[in-house]
Amino acid sequence: MLRDVKHNISDGLLGFPKPTGDGLHIKIGVSPVVSDTPITILGSMDAATIKERLGLSPLADATMDSVLAGANRIFCLPVSATTAGTVGEVVHTGDGGGSMTVSGSPHNAFSVIFRITAQGGLNAAAFVVSIDGGYSFTDEITVPMTGDYEIAGTGLKVKFTEATEPEQQPSSFLVNDTFTFSTTAPTMTNGDVLAAIEKVKRFNQEFELIHIVGASTPSLWIAVSEAQKELMEVSHKPAFMLLEAAMPDDEDEDLTDWALQMETDRKKVKNTDVQVCAAWGRLVRLDGTTQVVNLAGLAAGRYAMTKVSVSIGKTRTEDGLGFAKSRLLELLPTGYDDTIIELLDVAGYLTFREYDGLDSFYVYHAKMMSPDGSDFRYAEDVRVRNKIIRETRKEALQLKNDDIDLEDIQGELETRAKFISTPLDRMVKNQEISSYETTVLEGHEDTFLEDETMRVKIRYLSRGYIREVEIDLGRAPIGE
């Protein structure tokens with residue numbers, strides 16, 4: 001080959017960041033959609049698009065909450081629930097002689113209203129229908145000749161029946177007659193959830209956490225805790241689990257007694273990578289409807305928009321982590337006051353609160369269900385640790401079957417330890433940790449030929465967090 005001018009391209013010199021999984025999460029929830037792999041939802045999608053991709057389902061609802069709270073990308077794993085939802089009694093208001101019955105299995109919790117807009121019987125009367133308690137209605141629809149009508153996307157069918165007497169049939173359905181009923185959402189069993197987590201093991205995208213959608217009990221927390229350990233130790237996927245506690249359903253129940261029972265339930269789980277949200281609120285959702293929801297979806301959205309080292313309970317206004325009271329209207333249940341929040345917080349639950357002097361609601365402490373004395377009590381502690389695990393594993397995998405000079409085992413391994421530590425340099429620069437020290441454990445000369453194992457110790461200094469402010473205030477004497 002004749003000599004000439006050649007160019008060798010050096011890439012990666014600008015130091016652009018590589019994917020780390022920060023802020024990404026998987027949602028597991030009930031949906032009529034069938035998919036063995038997670039469905040990607042983008043933060044740019046509107047409510048209609050999300051519902052189209054995930055169905056009118058609890059999974060879609062929780063996903064909308066996270067998008068509302070800042071998530072840019074969510075991996076959603078739909079589950080066909082084992083336990084079907086229920087349909088309540090149809091209540092007829094008005095003077096028409098007709099009736100309505102409901103059949104089918106609801107895909108979600110719906111508040112259904114049929115309102116008659118034109119008088120008549122079958123194939124003559126007309127109606128509009130709402131599935132969100134009257135927030136929105138369909139266009140006018142003629143009552144079918146058969147009386148059968150399917151509410152699109154809900155899993156429900158209704159049957160209109162005319163009055164029994166022939167002379168009454170023309171007035172079977174009168175203008176402003178209403179037929180209303182409500183449904184409950186289908187729910188996942190523990191087995192449904194664990195089967196979905198098994199699918200996650202085959203998912204090759206990086207992510208930080210898994211949000212299990214829907215009210216859950218301590219038995220699921222325990223089962224998910226074990227699944228999380230296997231996910232990390234066997235599948236090498238360090239991710240924490242975000243679950244939702246069940247809201248007290250008895251309005252007359254003493255919340256102190258309930259909180260004390262929650263404290264007892266929490267002691268059944270001791271895992272730094274399990275978090276249970278025990279906060280609810282009346283939320284104006286992405287689709288404009290107002291519903292009472294567990295606030296785990298909002299928390300997941302805040303994890304998506306923050307660095308791993310940042311507490312999602314940070315109150316500094318410019319960070320935008322508060323929830324405006326025009327969107328999150330109130331915290332629930334009634335009586336969810338500072339005393340109850342403190343009991344739940346001390347027990348180790350994720351809670352929300354408001355502060356006198358601030359205009360928004362905030363995550364109080366993103367507590368984890370860690371063992372007593374753990375170094376990883378808060379989500380920000382766990383997120384930083386798990387990122388270090390993810391990133392140093394990537395570097396260490398590059399050393400598999402690497403050969404070294406046996407004349408200088410310690411020196412050779414220390415050189416490679418610096419390579420493993422490269423992500424930690426970036427984390428210091430990005431203010432995700434304060435500092436770190438990597439040490440190759442000595443004694444390799446005696447054991448390396450036998451076990452061929454490189455042993456490295458990493459110690460890092462995390463960021464510090466102001467959890468409380470104490471001010472000493474007094475008047476200064478004259479002359480000072």
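**Exercise 1.** Is aspartate 451 buried, partly exposed or exposed?

First, the ground rules. The model is predicted, so local features need pLDDT of at least 70 and side-chain atom pairs count only at pLDDT 80 or more, while totals for chains, interfaces and linings use all residues. Residues are numbered from 1 along each chain as its sequence is written, and side-chain values use heavy atoms, with hydrogens and water left out.

Step 1: Buried is under 20% relative accessible area, exposed is over 50%, and partly exposed is in between (1.4 Å probe, protein chains only).
Step 2: aspartate 451 has a relative accessible area of 30%, so partly exposed is the call.
Step 3: look at its partner. Aspartate 451 forms a salt bridge with arginine 455, with 3.1 Å between the closest N and O atoms; the criterion is a side-chain nitrogen of Lys or Arg within 4 Å of a carboxyl oxygen of Asp or Glu.
Step 4: arginine 455, at 35%, is partly exposed.

**Exercise 2.** Find the salt bridge of aspartate 65 and work out where its two ends sit.

Step 1: the partner is arginine 285, and the closest N and O atoms are 2.9 Å apart.
Step 2: Helices (H or I, at least four residues) and strands (E, at least two) are DSSP runs, numbered from the N terminus.
Step 3: widen the view to α2, where 10 of the 11 residues are buried. Among them are Leu59, Met64 and Val67.

**Exercise 3.** Which residue does lysine 394 bridge to?

Step 1: glutamate 206 is the partner, with the closest N and O atoms 2.9 Å apart.
Step 2: for the overall tally, the structure holds 26 salt bridges. Asp22, Lys387, Arg390 and Glu432 are linked in a salt-bridge network.

**Exercise 4.** Describe how α5 packs on α7.

Step 1: two packed helices are described by the angle between their axes and the distance between the axes.
Step 2: helix α5 (residues 255-266) and helix α7 (residues 338-347) pack at about 5 degrees, with 9 Å between axes. Axes are lines fitted to C-alpha atoms, for helices over the stretch in contact, and angles run from 0 to 180 degrees between N-to-C directions.
Step 3: α5 and α7 are therefore roughly parallel (angles under 35 degrees).
Step 4: list the contact, meaning heavy atoms within 4.5 Å. On α5 the residues include Trp258 and Met262, and on α7 they are Ile340, Leu343, Leu344 and Ala347.

Definitions and conventions
Angles under 35 degrees count as roughly parallel, over 145 as roughly antiparallel, 65 to 115 as roughly perpendicular and the rest as oblique.
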